[in-house]
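This report describes selected helices and aromatic contacts of the structure shown below.

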Amino acid sequence: MEQSRSMLRDEENLGSEELEGASLDTQILQGHISAFYAFDVGYEISLEKLTTLLSSVPAQPMSPKKQTPMFTQYTRPPHIVHLGRTPCPFGGSAELRATLFDFGVVSMAYTWTLGKELPTLLSELPTISQSLYQLNLVGNAREQVRSLVDRIKPVISKPNLSSIVEDYYLFVIERLGKSLRADELLTKYRSVLAQTLRFETASLSVEQQDDALRQKLSYYEKDLLLIDWNAAVVYDQDYDDAVNVLELLNVELLEARYIDTELDRRIQEHANLAQGAMSWPIPLRTPLRKAMQELGELRIESSLLSERLGNSLKLIGDLYLARVYSSGAERFYLKQWQKIISDKLDTIDSFYELVTDRIRTAQSQTLELAVIVLIMVELFLALFKH
């Protein structure tokens, strides 16, 4: 993700509305900040065997506050491992936990409490968000994941910690000193909320504010969810399900990038198969058999991974969470990633067909040559007899 370009904390840049709101009635009484870092660690994690190696618990079933005709759950609930606490750069300490998904992903989460441990005003969120982003916790998160992978390696199929990481940040406001409706919060603290989502301390242009805040959702009068491409603000006391959906979306984005990188690498490796020189054809020999097998396996593995991701959480019956998912997917550009991956899988299919055609052509030529040799041998024997 692109690093924030502003390092200044300049209160003069805050709009008059935010300065007027910087009082006790804008204090965050209860809330927290979470930073998620998702890593691909292997092809598959056996969650059933995981509990034999360390203490973990399945993710809690969803219990939506939204009254919908029905709601659904994880197809295979990920397992959560609590890893203790770590010092917080803003004061206090952060809770550290890992969420393990069966399709080979670990999502590491750092959570800092706002309110009692860290008295915070709404107008201070932009400074906090930028400071958090500038911490660059990726290195620490990677070491935490590496240590965890070493402990659970026996239950990971094809263990391999990828260099790709996907981060996402959540600013959860549960209670304010003065209760505000969603529209009041969005109107009064429009600039503050946009700056928080973009990790900026300087006031953004109206155009950038509109872009940062365009994905907004409310169910009740006093809840609000703002989803941006690298952060979200949640104003709600019943936030767990929405947070879980956003974490899963971050994982899906990671896997989309991982699949895309793998396809790029394999396409490059096999780009010259159709043009390369064939070895001398030998009967019953399959030239490029290994390459053909690899291409087929890559196509199957990519399709299976995409299917497992798509089936990890069913939200058809929960209209509100379905909107959260679709809004987040749009913000994360998941459809564009899926289109890119689909095009590259089509390229893999083309390579597979070209390699197969070359193999068939080579085998056909080999058989034709064998027939010609046999005919010549028969003619030679016939002439020799005479």
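In helix H3, the residues Leu125, Pro126, Thr127, Ile128, Ser129, Gln130, Leu132 and Tyr133 are buried, where buried means under 20% relative accessible area with a 1.4 Å probe and protein chains only, exposed over 50%, and partly exposed in between. The model is predicted, so local features need pLDDT of at least 70 and side-chain atom pairs count only at pLDDT 80 or more, while totals for chains, interfaces and linings use all residues. Residues are numbered from 1 along each chain as its sequence is written, and side-chain values use heavy atoms, with hydrogens and water left out.

Helices (H or I, at least four residues) and strands (E, at least two) are DSSP runs numbered from the N terminus. H3 covers residues 125-135, and eight of its eleven residues are buried. Their packing partners (contact: heavy atoms within 4.5 Å) include strand S1 (27-40), strand S9 (165-176) and helix H6 (190-198). Just after H3, Asn136 takes a positive phi of about 55°.

The structure holds ten aromatic pairs. Rings of Phe, Tyr and Trp (its six-membered ring) pair if their centres lie within 6.5 Å; planes under 30 degrees apart count as stacked, over 60 as edge-to-face and the rest as tilted. Two stacked pairs are tabulated.

| Pair | Centre distance | Plane angle |
|---|---|---|
| Phe101 and Phe103 | 5.4 Å | 25° |
| Tyr133 and Phe199 | 4.3 Å | 20° |

Tyr133 lies in H3 and Phe199 in the loop between H6 and helix H7 (206-212), so this pair ties together parts 66 residues apart in sequence. Tyr133 is buried at 3% relative accessibility, and Phe199 is buried at 2%.
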